[in-house]
Amino acid sequence: MKGLNSGGGDLFSFKSATIIKFVAFALLSIAFFYFGKHWSDGSQQQQLIFFNSRQNPTTSQFVSISPNFNKTFNLSSIINDTNSIPPPAVEVASSPPPPPPPPPVVERTGIVNENGVMNNEFDIGDFDPEVVENWGVGNETVDDEGGEVHRFRVKKFGLCPASMREYIPCLDNVEAISKLKSTERGEKFERHCPENGKGLNCLVPPPRGYRAPIPWPRSRDEVWFSNVPHARLAEDKGGQNWITIDKDKFKFPGGGTQFIHGANQYLDQIEKMLPEIAFGRHVRVALDIGCGVASFGAYLLSRNVLTLSIAPKDVHENQIQFALERGVPAMVAAIATHRLLYPSQAFELIHCSRCRINWTRDDGILLLEVNRLLRAGGYFVWAAQPVYKHEAVLEGQWEEMVNLTTRLCWNLVKKEGYIAIWQKPLNNSCYLSREEGTQPPLCDQHDDPDNVWYVDLKACIARLPEEGYGANITTWPSRLQYPPDRLKSIQVDSFVSRKELFVAESKFWKEIIESYVRAWHWKKFKLRNVMDMRAGYGGFAAALIENQLDCWVLNVVPVSGQNTLPVIFDRGLLGVMHDWCEPFDTYPRTYDLLHANSLFSIEQKRCNMSTIMLEMDRILRPGGRVYIRDSVAVMDELQDIGKAMGWHVTLRDTSEGPHASYKILTCDKHLLRA
């Protein structure tokens, strides 16, 4: 009993304490309510307005009008005006907002110093070899947070008809070509692109029996017949040592119409005629007009001369396809009514061997285009019947050519056998000293000779820069990394730091390519024909040369950006102007690697990304690779389009890590059978 009584006392004490606490809490609540009601000015006429968040919002009268309507109160002593918003009926004298927090400290990369000037010495950062551990694994992209797998959002593209195996959209537009008012100047060989909505929407199939191309340098001399199954050129030119058929291969003996004994002998003859040409040193970049199967350019490669071979898609329509299958730089192009898509002073030597062009027609407008493209002090080599044949008609053509070149201030430096060589002047002094009224005139001072996208040919002489830009380049190979003077003519925001930007881009790509060679074994890839779709100053192409990768690069400068083509050619590289909202002028299956740096995030404002991706698929060889470095914002869509085209796509981090704003999308194209 004693224990029970003792326990009961403890229970009573506990209950008493609980009752006291409850009463105290109630009294304290009443006190807080009273002070809250009368705190503002002590008047008992003022009332607080209470809103019940659980009231039915459909009820019309759940808030009554306060008797304090239109009265002004100072509630700053109770309510912090930065954390709550007063009712609309109360006017509160607001205080200015607090100052914004200081910006985060940005770690300098070393490219720009404290004065805002570009440095020559800076670090790119280490390459993470782990980004290639899972090369070729999986076609799906996984969201790390939710584990969600992103599936196709783009409908799978089907194969085009077999008749489109060699389809070039802007050159095979039969409907547009049939509507041309005239074709006498070669208009039908120029660009006539499909209208919006009528572009390519399928995958161009390979020919039956297509095989992986023969690797370079063997491909210079032989290619698979099944890859370019067109025998007409061999039938038409068999007697001129251009091309022959041997079982399942085409063979290229190295001859041409004017050099049936071989290109090497022909090149030796030119250099013997004029040693100043100095192939591989003074002459680094050349243009071969009406190139045939491009044996002239193919054999110049061994002399460190990069030759762009061009020809129209005419009756011998597959000659450029043969050139690219061989691994020789080439483009489908016609010199007709528009400027070619290369800048002024691009080539040290321009060659025409029986190219079937009437250079003197229309006041010499076609030769004036050659003059625009030819570097100051450069050479024009003409091998044709009027040079050596003594027939009345041909002798008349020679006299017209001599007369025109004299008025262009070209100097006939050598004529021997069937070859004539002219040299362009170094400056404008000869042009300015001609008799008044001499034709053709100098172009207007406001004419930009580097403006080429759909620009008509002009019957005038393109002026040379008074500063000597284009004429004062160094010799190869030092010119590859030397900032040329024409950098000063590029319209960019950073006027003072052009050279520093040039050096920075070169160093960036050199280190990136070195990383790819180490981690991705690029030297084991069968890379020959490479395209840089947004080339900048050509740093990517220069890095491939520095890393001794045996390939050539066509540097494409989009019309949506700054025209850096003059700098690319001054470096001793090849390039072209293009608008990626339109198809490119080349045959299908002609490139082994397509490189696109920040292309899609820019061009998506102008055109559909699937349009560009389908064009990439058209010009990419089966087994070829695509390298896209771009903003994270566009990667999901690019992955979906790539998968819909049947590519094997893999999204990778850059060396900056998984939280960088840029990613790398690598794609492999497989062989699809019709």
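**Disulfide pairing**

Author: Counting bonded cysteines along the chain, the disulfides pair as 1-4, 2-3, 5-6, 7-8, 9-10, 11-12. That amounts to 6 disulfides in the structure, which is a predicted model. A disulfide is a covalent bond between the sulfur atoms of two cysteines.

Cys170 is bonded to Cys193, with an S to S distance of 2.0 Å. The torsion about this S-S bond is about 105°, so the link between Cys170 and Cys193 is right-handed. The two cysteines belong to distant parts of the chain, 23 residues apart. Cys170 sits in the loop between strand S2 (149-150) and helix H2 (174-178), while Cys193 sits in the loop between H2 and strand S3 (222-224). Is Cys170 buried or exposed? Its relative accessible area is 0%, so Cys170 is buried.

The bond between Cys409 and Cys430 has its sulfur atoms 2.2 Å apart. Here the value about the S-S bond is -85°, and the link of Cys409 and Cys430 is left-handed. Cys409 lies in the loop between H9 and strand S11 (411-416), and Cys430 lies in helix H10 (residues 429-432), so this bond ties together parts that are 21 residues apart in sequence. For burial, the cut-off is under 20% relative accessible area. Cys409 has 11%, so it is buried. Cys430 has 30% relative accessibility and therefore counts as partly exposed.

Cys443 and Cys460 form another disulfide, with 2.0 Å between their sulfur atoms. This link is right-handed, with 90° about the S-S bond. Cys443 is in the loop between H10 and helix H11 (498-519), and Cys460 is also in the loop between H10 and H11, so the pair ties together parts that are 17 residues apart in sequence. Cys443 and Cys460 are both buried.

Cys551 has a relative accessibility of 14% and so counts as buried. Cys667 has a relative accessibility of 2% and so counts as buried.

Helix H9 (residues 392-407) also takes part in a helix crossing. Two packed helices are described by the angle between their axes and the distance between the axes. The axis of H9 comes within 11 Å of the axis of helix H7 (residues 361-373), and the two cross at roughly 65°. The crossing of H7 and H9 is right-handed. On the H7 side the contact is made by Asp363, Gly364 and Leu367, and on the H9 side by Met401, Leu404 and Thr405. Sorted by class, the contact of H7 with H9 has 3 nonpolar, 2 polar and 1 charged residues.

Ile421 belongs to strand S12 (residues 419-423). With a relative accessible area of 0%, Ile421 is buried. Which residues does Ile421 touch, not counting those up to four places away in sequence? They are Ile270, Met273, Leu274, Ile277, Tyr379, Phe380, Val381, Asn411, Leu412, Val413 and Lys414. Of these, Phe380 is 41 residues from Ile421 in sequence, yet their C-alpha atoms are 5.6 Å apart.

Helix H6 (residues 319-326) is mostly covered, with 8 of its 8 residues buried. The buried residues are Gln319, Ile320, Gln321, Phe322, Ala323, Leu324, Glu325 and Arg326. After H6 comes Gly327, which has a positive phi, near 95°.

For the chain overall, the secondary structure comes to 16 helices and 19 strands. Of its 674 residues, 49% count as buried. Among contacts in the chain with a separation of 6 or more, 68% are between residues 24 or more positions apart.

The average pLDDT is 83, and 76% of the residues score at least 70. Over residues 37-98 the pLDDT stays under 50, and the model has 30 contacts beyond four places in sequence for this stretch. Residues 103-112 also have a pLDDT below 50, and that stretch has 14 contacts in the model beyond near neighbours in sequence. Where pLDDT is low, the predicted coordinates should not be read in detail.

Note on methods:
Residues numbered from 1 in each chain as written. Predicted model: local features only at pLDDT ≥ 70, side-chain atom pairs only at ≥ 80, totals over all residues. Heavy atoms only, no water. Axes fitted to C-alpha atoms, helices over the stretch in contact; angles between N-to-C directions. Helix = DSSP H or I, 4+ residues; strand = E, 2+ residues; numbered from the N terminus. Left-handed = near helix turned anticlockwise from the far one by under 90°. Contact = heavy atoms within 4.5 Å. Nonpolar A, V, L, I, M, F, W, Y, C, P; charged D, E, K, R; others polar. Disulfide = S-S within 2.5 Å. Buried < 20%, exposed > 50% of the residue type's maximum accessible area, 1.4 Å probe, protein only. pLDDT = per-residue confidence, 0-100.
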